[in-house]
Amino acid sequence: MLKFYKATLVAMLLGAGLWSSASADDGQIRVVYPGAKKPEHQAVEKILKELRPFEAMADSYNRKFFFPRDVIIVVAETGQVNCWYIEQEHRIYISYELLDFLLELFRKVEPEKEARADALNTLFFVVLHEMGHALVGELDIPTTGREEDAVDDFACLTVHQVGGAARDQALAAAKWFGIMGSRKNNADLPFWDEHSLDMQRFYGIIGLMYGANPNRYMFAEKLVPKRQLERYVHDYPKKLDSWERLLAPHFRKKLPRGQNLKI
Ligand SMILES: [Zn+2]
């Protein structure tokens, strides 16, 4: 178990590649570990503290953006199967319980090794989704339509821009939504929720990844009509450009158009 986490996180960090240390004199994203009580969570926490994947991600964001104040990422036992951002607290919470849930979910549909990789990749995607919320909240970024969809897009755009193993995070999250969505009856669907339905989030992720690189994600052609595939290809650069333009006033250094979300 421990070996796996170590190996996977190292592989993910190597895959991300672009994460490196930061220095700045204004607001910073920082990571804290209040201390897990359950032995299995303590084991995960020990490895996270050693390999520092969330710190590396925070550094990358600190290097990219001016933040008006500190934002704290709290990695903890929260008693909730969730990750979330609270604007008033300027905090993101990452729950060990969500990792437990994801491991359990993927173990039911695939071998242990794949289940562990998918659980971790999904957790990382969820953290990027929360980073999207944090950018909206901290930098006062306007959103029209559902913010939940917009930050799913943000997470997809960043993993595609970073490339390599980072893209597996989006695919694992899509798999998660696909599994969850396939289990629900119509009567159980939360139409009232702030999030799109699980299957819509599945297609949202698949669509954006296909739009970014149709040859890499040709499996989408078996799932989606041609007319919609063309829409995905049309939408990807528009969404990338929209996020770049909204975030541009907050970049420390602006890169050429289309290259600013390699965060
Ligand atoms: Zn959200």
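## Helix packing and exposed sites

Alanine 170 touches Phe125, Ala155, Cys156, Val159, Ile205 and Met209, leaving out residues up to four places away in sequence. Touching, or contact, means that the C-beta atoms of two residues, placed from the backbone, lie within 7 Å. The model is predicted: local features need pLDDT of at least 70, side-chain atom pairs count only at pLDDT 80 or more, and totals for chains, interfaces and linings use all residues. Residues are numbered from 1 along each chain as its sequence is written.

**The core**

Alanine 170 belongs to the largest nonpolar core, which has 65 residues. Leu123, Val127, Ala170, Ala173, Ile205 and Met209 touch the most other members. H5 gives the most to this core, with 13 residues. A nonpolar core here is a set of buried Ala, Val, Leu, Ile, Met, Phe, Trp, Tyr and Cys residues joined through C-beta atoms within 7 Å. Buried means 20 or more other C-beta atoms within 10 Å of the residue's own, exposed means 12 or fewer, and partly exposed lies in between.

**Helix pairs**

Helices (H or I, at least four residues) and strands (E, at least two) are DSSP runs, numbered from the N terminus. Axes are lines fitted to C-alpha atoms, for helices over the stretch in contact, and angles run from 0 to 180 degrees between N-to-C directions.

| Pair | Angle | Axis separation |
|---|---|---|
| H5 (residues 112–138) and H6 (residues 147–162) | about 120 degrees | 8 Å apart |
| H7 (residues 167–183) and H8 | roughly 155 degrees | within 7 Å |
| H8 (residues 198–212) and H9 (residues 226–247) | about 80 degrees | 7 Å apart |

Angles under 35 degrees count as roughly parallel, over 145 as roughly antiparallel, 65 to 115 as roughly perpendicular and the rest as oblique.

Take H5 and H6, whose axes meet at about 120 degrees. That angle makes H5 oblique to H6. H5 passes H6 in a right-handed crossing. A crossing is right-handed if the near helix is turned clockwise from the far one by less than a right angle, and left-handed if anticlockwise. H5 contributes Phe125, Leu128, His129, Gly132, His133 and Val136. H6 contributes Glu147, Ala150, Val151, Asp152, Phe154, Ala155, Thr158 and Val159. The residues of this contact divide into eight nonpolar, four polar and two charged. In this count Ala, Val, Leu, Ile, Met, Phe, Trp, Tyr, Cys and Pro are nonpolar, Asp, Glu, Lys and Arg are charged, and the others, Gly among them, are polar.

H7 and H8 cross at roughly 155 degrees. They are therefore roughly antiparallel to each other. The crossing of H7 past H8 is left-handed. On the H7 side stand Ala170, Ala173, Ala174, Phe177, Gly178, Met180 and Gly181. Asp198, Met199, Arg201, Phe202, Ile205, Ile206 and Met209 face them from H8. The contact of H7 with H8 has 10 nonpolar, two polar and two charged residues.

H8 also packs on H9, at about 80 degrees. The two are therefore roughly perpendicular. Gly207, Leu208, Tyr210, Gly211 and Ala212 in H8 meet Leu229, Tyr232, Val233, Asp235, Tyr236 and Lys239 in H9. By class, the contact of H8 with H9 has seven nonpolar, two polar and two charged residues.

**Loops**

The loop between strand E3 (83–86) and strand E4 (91–95) holds glutamate 89. Glutamate 89 counts as exposed because it has 11 C-beta neighbours inside 10 Å. Its C-alpha atom is 8.6 Å from that of isoleucine 72, 17 residues apart along the chain. Histidine 90 is in the loop between E3 and E4 as well. Histidine 90 has 18 C-beta neighbours inside 10 Å, so it counts as partly exposed. Its phi is near 55 degrees, a positive value in a residue other than glycine.

Aspartate 140 lies in the loop between H5 and H6. Phi of aspartate 140 is near 55 degrees, again positive in a residue other than glycine. Aspartate 140 is exposed, with 11 other C-beta atoms within 10 Å.

**After H9**

Proline 249 sits in the segment after H9. With 12 other C-beta atoms within 10 Å, proline 249 is exposed. Proline 249 and glutamine 88 are 161 residues apart in sequence and 22 Å apart in space, C-alpha to C-alpha.

Lysine 253 is in the segment after H9 too. Lysine 253 counts as exposed, with 7 C-beta neighbours inside 10 Å. The C-alpha atoms of lysine 253 and aspartate 26 are separated by 15 Å, with the two residues 227 apart along the chain.
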